[in-house]
Amino acid sequence: LHCGSILTAEYHGTAEYLVGAVNAVGKRVNAGQFLLWRALGDARSRGIVRFDLGGVHPVQTPKGIYHFKSGISGTPYALVDEVDIARGFLPRLTRRVVALVA
């Protein structure tokens, strides 16, 4: 029974979590967390010393993901905010639509 999948990349002693998806069954059984734990263990067994799970934000990150990432005692980091230099009607309209649905 397929419950979910994740994709990671490895480079220079680091594994990076790129994307994951779970279906309804996977959500009920916490397949995403299980897959991440398996990826962490697998990477470690091959000598990977860092595993980058991506960012975590107390408000913007979904509750379950925030709980998981906070619970593994990682080293937090922050990236520089995005900069939007596009000008004109369409970029302004796009930003407004995104702001409405976000």
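Two salt bridges turn up in a search of the whole structure; the term stands for a side-chain nitrogen of Lys or Arg within 4 Å of a carboxyl oxygen of Asp or Glu. This is a predicted model, in which local features need pLDDT of at least 70 and side-chain atom pairs count only at pLDDT 80 or more, while totals for chains, interfaces and linings use all residues. Residues are numbered from 1 along each chain as its sequence is written, and side-chain values use heavy atoms, with hydrogens and water left out.

Side chains of opposite charge can pair when their charged atoms come close. Glu 10 and Arg 46 meet through their side chains at 1.8 Å, N to O. Glu 10 sits in strand β1 and Arg 46 in the loop between α2 and β3, so the pair ties together parts that are 36 residues apart in sequence. Asp 42 and Arg 46 form a salt bridge at 2.4 Å, N to O. Shared partners join Glu 10, Asp 42 and Arg 46 into one network.

How accessible are these residues? Buried means under 20% relative accessible area, exposed over 50%, and partly exposed in between (1.4 Å probe, protein chains only). Glu 10 is partly exposed, at 40% relative accessibility. Arg 46 is partly exposed at 42%. Asp 42 is also partly exposed, at 42%.

Now the sheet. Helices (H or I, at least four residues) and strands (E, at least two) are DSSP runs, numbered from the N terminus. Two strands pair if DSSP finds at least two bridges between them. Three strands make an open sheet in the order β1-β2-β3, with mixed pairing. At the edges are β1 (4-11) and β3 (50-52), each pairing on one side only. From one strand to the next, the twist averages 25°. Axes here are lines fitted to C-alpha atoms, for helices over the stretch in contact; angles run from 0 to 180 degrees between N-to-C directions. Strand β2 (residues 14-22) pairs with β3 in the parallel sense, over three bridges. Ala 15 stands opposite Phe 51 in β3.

Helix α2 (residues 31-45) lies across β1, β2 and β3, at about 30° to β1.

Which residues form the largest nonpolar core? Its nine members are Ala 15, Leu 36, Ala 39, Leu 40, Ala 43, Ile 48, Phe 51, Leu 53 and Phe 68. Such a core is a set of buried Ala, Val, Leu, Ile, Met, Phe, Trp, Tyr and Cys residues joined through side-chain atoms within 4.5 Å. Helix α2 supplies the largest share, four residues. Leaving aside neighbours within four places in sequence, Ala 43 is in contact (heavy atoms within 4.5 Å) with Ala 15, Ile 48 and Phe 51.
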